[in-house]
Amino acid sequence: MRDTLIGWITRLLSALFPTVRRPEPAEGPLAPASILILKPCCLGDVLLATPAVAALKRAFPDAQIDFAVGSWARAAVANSPHLRQLVDTGKVGQGAYGWRDLWSLAARLRAGHYDLCVTLDRSPRIGLVPWLAGIPLRAGLDSRGRGFAHNIRVPVPPIRYEPELYLDVPRAVIPQTARSKFDFVPSEFFPTDADKAFAQALLQAALPDPRWPIVAIHPGGGNNPGMVLASKRWPAERFAAIANRLSETYKATVVLIGADSDREATQAVRAAMPFDRLTATPLDLTARLNFGQLGALYQRCALMIGNDSGV
């Protein structure tokens with residue numbers, strides 16, 4: 001009932017916010033000098049938005065591109081070479097927040113004097129922020145009328161792969177670019193040199209044999225600001241069964257990963273694995289890696305098995 005009511009209200013509000021005509025292919029693309037990408041949360045969603053970042057940079061190589069993101073998901077784009085800077089969204093989009101938080105964020109964005117804001121979020125309140133900030137061109141997702149404050153509104157189909165949906169927003173402001181040029185764009189993450197050196201030293205000290213493949217297993221996840229979904233987690237004993245099989249068949253070195261909040265899950269996997277063979281002994285890195293170091297570790301792995309999460 002709440003979603004239905006919000007849908008009716010936002011559709012009525014749409015009449016108060018006029019849209020702009022999209023340029024035809026013959027007219028060439030819009031050429032904003034400064035672009036803001038607005039996606040406060042969450043870690044996995046921000047990672048899935050990185051193809052849209054790369055697409056905008058390819059289309060507008062001379063534009064200054066900033067990314068407005070919350071502290072929880074900041075690590076996902078912290079070292080992106082496509083971005084000039086990150087703008088802290090504060091509480092907005094991360095658990096409970098109020099209208100004062102929205103006004104505060106809008107004031108910070110107004111100071112940036114952006115030409116274009118690309119909003120990759122379905123929330124009507126987050127979609128209102130670029131309008132409050134006075135950004136003239138506002139492209140964003142319009143889920144059941146919730147994108148009423150955008151003047152370029154991108155439909156949200158019932159079923160669509162999330163990175164493709166996010167790419168639909170750049171497609172709407174770059175109409176002359178063929179869809180094929182946006183297909184198969186991977187998500188991107190950029191560990192620092194320090195992250196890579198840390199992972200290299202850690203693995204050199206811990207691996208029983210550097211010739212064996214490394215398999216990372218993440219049995220936790222499902223935690224975000226204002227939301228805990230332990231139901232996203234596959235049973236620990238099944239992770240252990242796969243780890244045992246990979247160890248026996250390929251002599252894989254199993255690495256258990258997770259934050260401190262995942263410790264119970266990683267301990268359960270570890271407890272379900274035998275320790276009578278060197279190849280089956282997992283390397284437990286729970287709460288020992290930051291996000292950049294984790295990315296560097298993945299670059300050395302043959303396989304990662306995990307739940308639906310940013311990790």
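Modeller: Helix H3, residues 50-59, packs against helix H6, residues 162-173, with the two axes 8 Å apart and at an angle of about 20°. Please keep in mind throughout that this is a predicted model.

Colleague: How would you class the orientation of H3 and H6 to each other?

Modeller: Angles under 35 degrees count as roughly parallel, and H3 and H6 are therefore roughly parallel to each other. Their crossing is right-handed.

Colleague: And which residues in H3 and H6 meet?

Modeller: From H3 there are Pro51, Ala52, Ala55 and Leu56, and these meet Tyr166, Leu167 and Pro170 in H6. Sorted by class, this contact of H3 with H6 has 7 nonpolar residues, with no polar and no charged ones.

Colleague: OK, next pair. At what angle do the axes of H4 and H5 cross?

Modeller: Helix H4 (residues 99-110) and helix H5 (residues 124-132) have axes that cross at roughly 40° and come within 8 Å. That angle makes H4 oblique to H5, and H4 passes H5 in a right-handed crossing.

Colleague: What residues in H4 and H5 meet there?

Modeller: On the H4 side they are Trp99, Leu102, Trp103, Leu105, Ala106, Leu109 and Arg110, while H5 brings Arg125, Leu128, Val129 and Leu132 to meet them. The contact of H4 with H5 divides into 9 nonpolar and 2 charged residues, with no polar ones.

Colleague: What about H8 and H9, how do their axes lie?

Modeller: The axes of helix H8, residues 236-250, and helix H9, residues 263-271, cross at roughly 50° and come within 8 Å, which makes H8 oblique to H9. The crossing in which H8 passes H9 is right-handed.

Colleague: Which residues in H8 and H9 meet?

Modeller: Ala236, Phe239 and Ala240 in H8 meet Ala265, Ala268 and Val269 in H9. By class, the contact of H8 with H9 has 6 nonpolar residues, and neither polar nor charged residues take part.

Colleague: Changing topic to the spaces: how much space lies in the second largest pocket?

Modeller: The second largest pocket holds about 340 Å³ of space. Its lining is made up of 15 residues, and those that lie nearest the centre of the pocket are Leu47, Ser187, Glu188, Phe189 and Tyr298.

Colleague: Which elements give two or more residues to the lining of that second largest pocket?

Modeller: Those elements are helix H2 (43-48) and helix H10 (291-298). H10 gives the most to the lining of the second largest pocket, contributing 4 residues.

Colleague: And how does the lining of the second largest pocket split by class?

Modeller: The lining of the second largest pocket has 9 nonpolar residues, 5 polar residues and 1 charged residue.

Colleague: How many cavities of 30 Å³ or more are there?

Modeller: The count comes to 1 cavity of 30 Å³ or more, and the largest cavity has about 70 Å³ of space in it. Lining the largest cavity are 13 residues, of which Ala76, Val77, Ser80, Glu188 and Phe190 are the closest to its centre.

Colleague: What classes do the residues lining the largest cavity fall into?

Modeller: The lining of the largest cavity divides into 8 nonpolar, 4 polar and 1 charged residues.

Methods. Residues numbered from 1 in each chain as written. Predicted model: local features only at pLDDT ≥ 70, side-chain atom pairs only at ≥ 80, totals over all residues. Heavy atoms only, no water. 1 Å grid on protein atoms, 1.4 Å probe; cavity = no way out; pocket = protein on both sides within 12 Å on 5 of 7 lines; lining within 4 Å. Points joined across faces, edges and corners; volume = space filled by probe spheres on them. Nonpolar A, V, L, I, M, F, W, Y, C, P; charged D, E, K, R; others polar. Axes fitted to C-alpha atoms, helices over the stretch in contact; angles between N-to-C directions. Parallel < 35°, antiparallel > 145°, perpendicular 65-115°, else oblique. Left-handed = near helix turned anticlockwise from the far one by under 90°. Contact = heavy atoms within 4.5 Å.
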